[in-house]
Amino acid sequence: MSDATSNEGRTGDGTRAVRAGLPEPVKHEPTLPGPVFAAHFHLPGEVTGPYSYGRDDNPTWTLLERAIGELEAPGREDVETLVFASGMAAISAALFSQLRAGDAVVLPSDGYQVLPMVRAQLEAYGVEVRTAPTGGDAQLEVLDGAKLLWIETPSNPGLDVCDIRRLVEAAHARGALVAVDNTLATPLGQRPLELGADFSVASGTKQLTGHGDVLLGYVAGRDAEAMAAVRRWRKIVGAISGPMEAWLAHRSIATLQLRVDRQNATALTVAEALRQRPEVADLRYPGLPDDPSHKIASQQMRRYGCVVSFTLPTRARAERFLEALRLVEDATSFGGVRSTAERRRRWGGDAVPEGFIRLSVGAEDPEDLVADLLRALDASAE
């Protein structure tokens, strides 16, 4: 690896994020080359070299994949990263490339709301699917005989945390692979590969890119054979990122540390303000010292994320609260520079109360955001 792309001398997250994936400097060339729009490349004679057809590889993907790899596994030369068209494309690739009829997989019962659809498809293909909650490392109880353990920590939307190291050690002792959904934490919050996981999978749509204008996913892995299967799956289904999306994602990563630190600090401020309100129940944020997940989160996370969850007494109260907000958009997804919130039960896929709110804290001034939330709580009271 060239000096321009190695992690030598890059010890800080901010420095790493700003420099991640940049090519060797060339006089009069941009430091981050623009997107390469190409369905095919000049390829006379034998098929050699890195680029042959646009479904297989693209120079813009290469730089982004290198950047994400530097964040997920700094200094590691044995980690491969592959980008996808969306987070679900990446999740599907990691699961369906590794599992066959007759295999067993363990999924979180409280994970992302599309996972029940994934479960149904896996079962249709003859894969046994077992589920258990994230909290308390409950997945250990159904691990025997599984081919793959899927961890989502912190879980979305409930924000429970499990012990990645403990689960990885138990899974590997039983011959199972481990994939960790790292979407909510981002590589600046935790590095699953350093904790022993085989795959780190994430939706780059969320805080990694942070502006709500890109759909993207990625899989980073340590095992060359397993990653070859993921790459083959991407080729077969064509779940590829467009070059413009890949370029926008790479550009956005440069501000990742700035955004994450601001949003995480504000999320803690928001959580501390919300827990003073009597109508707010089941408040969760791993950064709160009294949160049930704080102890284990502090052992494996360097930052706690930008998402706060809580429950208001009724569906009507929750909807009035969301309508009264002025600085927070009523929208799905999370991790953007503009704060968003939604009543998660409206989608039907999460086992949460009708008044459950998932709040994604943005980059607004914390005093303004707290004032808006408290004012909306007052305005929504009956």
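## Helix packing

In helix H8, the residues Arg262, Thr266, Thr269, Val270, Ala273 and Leu274 meet Pro366, Leu369, Val370, Leu373, Leu374 and Leu377 of helix H11, contact being defined as heavy atoms within 4.5 Å. Helices (H or I, at least four residues) and strands (E, at least two) are DSSP runs, numbered from the N terminus. H8 covers residues 256-274 and H11 residues 366-380; they pack at an angle of about 35 degrees, with their axes 10 Å apart. Axes are lines fitted to C-alpha atoms, for helices over the stretch in contact, and angles run from 0 to 180 degrees between N-to-C directions. The crossing of H8 and H11 is right-handed; a crossing is left-handed if the near helix is turned anticlockwise from the far one by less than a right angle, and right-handed if clockwise.

H2 and H7 cross in a left-handed sense. On the H2 side, Thr60, Trp61, Leu63, Leu64, Ala67, Ile68 and Leu71 take part, and they meet Pro243, Ala246, Trp247, Ala249, His250 and Ile253 of H7.

## Basis and confidence of the model

The structure is a predicted model, in which local features need pLDDT of at least 70 and side-chain atom pairs count only at pLDDT 80 or more, while totals for chains, interfaces and linings use all residues. Residues are numbered from 1 along each chain as its sequence is written, and side-chain values use heavy atoms, with hydrogens and water left out.

The mean pLDDT of the protein chain is 95, and 97% of the residues score at least 70; pLDDT is the predictor's confidence in each residue, from 0 to 100. Residues 1-9 have a pLDDT below 50, and this stretch has 18 contacts in the model beyond near neighbours in sequence.

## Nonpolar cores

The largest nonpolar core has 28 residues, of which Phe84, Leu95, Val105, Phe199 and Val219 touch the most other members. Such a core is a set of buried Ala, Val, Leu, Ile, Met, Phe, Trp, Tyr and Cys residues joined through side-chain atoms within 4.5 Å. Buried means under 20% relative accessible area, exposed over 50%, and partly exposed in between (1.4 Å probe, protein chains only). The elements that each supply at least two residues of this core include strand E1 (80-84), helix H3 (87-96), strand E2 (104-108), helix H4 (115-124) and helix H6 (224-237). Strands E4 (148-152), E5 (177-181) and E6 (199-203) also each supply at least two. H3 gives the most to this core, with 7 residues.

Beyond its neighbours within four places in sequence, valine 105 is in contact with Leu95, Leu99, Leu122, Val127, Glu128, Val129, Arg130 and Leu148. Another core, of 27 residues, lies apart from the one described above; among its members are Leu312, Leu325, Ala341 and Ala376.

## Cysteines

A search of the whole structure finds 0 disulfides, a disulfide being a pair of cysteine sulfur atoms within 2.5 Å. The sulfur of cysteine 306 is too far for a bond, because the closest cysteine sulfur, in cysteine 162, is 19 Å away. Cysteine 162 is buried at 1% relative accessibility, and cysteine 306 is likewise buried at 1%.

## Loop between E4 and H5

The loop between E4 and helix H5 (164-173) contains proline 154, which is joined to threonine 153 by a cis peptide bond with omega about -5 degrees. Proline 157 is also found in the loop between E4 and H5; a cis peptide bond, with omega about 15 degrees, links it to asparagine 156.

Leucine 159 has its place in this loop as well. Although not a glycine, leucine 159 has a positive phi of about 65 degrees, and its relative accessibility of 1% makes it buried.

## Charged residues in other loops

The loop between strand E3 (128-132) and E4 holds aspartate 137, a residue other than glycine with a positive phi near 55 degrees. Aspartate 137 is buried at 10% relative accessibility. Aspartate 144 is placed in the loop between E3 and E4 and counts as exposed, at 52% relative accessibility. Leaving aside neighbours within four places in sequence, aspartate 144 is in contact with Arg130 and Arg174. The C-alpha atoms of aspartate 144 and arginine 130 are separated by 11 Å, the two residues being 14 residues apart along the chain.

Arginine 191 lies in the loop between E5 and E6 and is buried, with a relative accessible area of 12%. Not counting residues up to four places away in sequence, arginine 191 touches Asp13, Arg16, Leu71, Glu72, Pro74 and Arg302.
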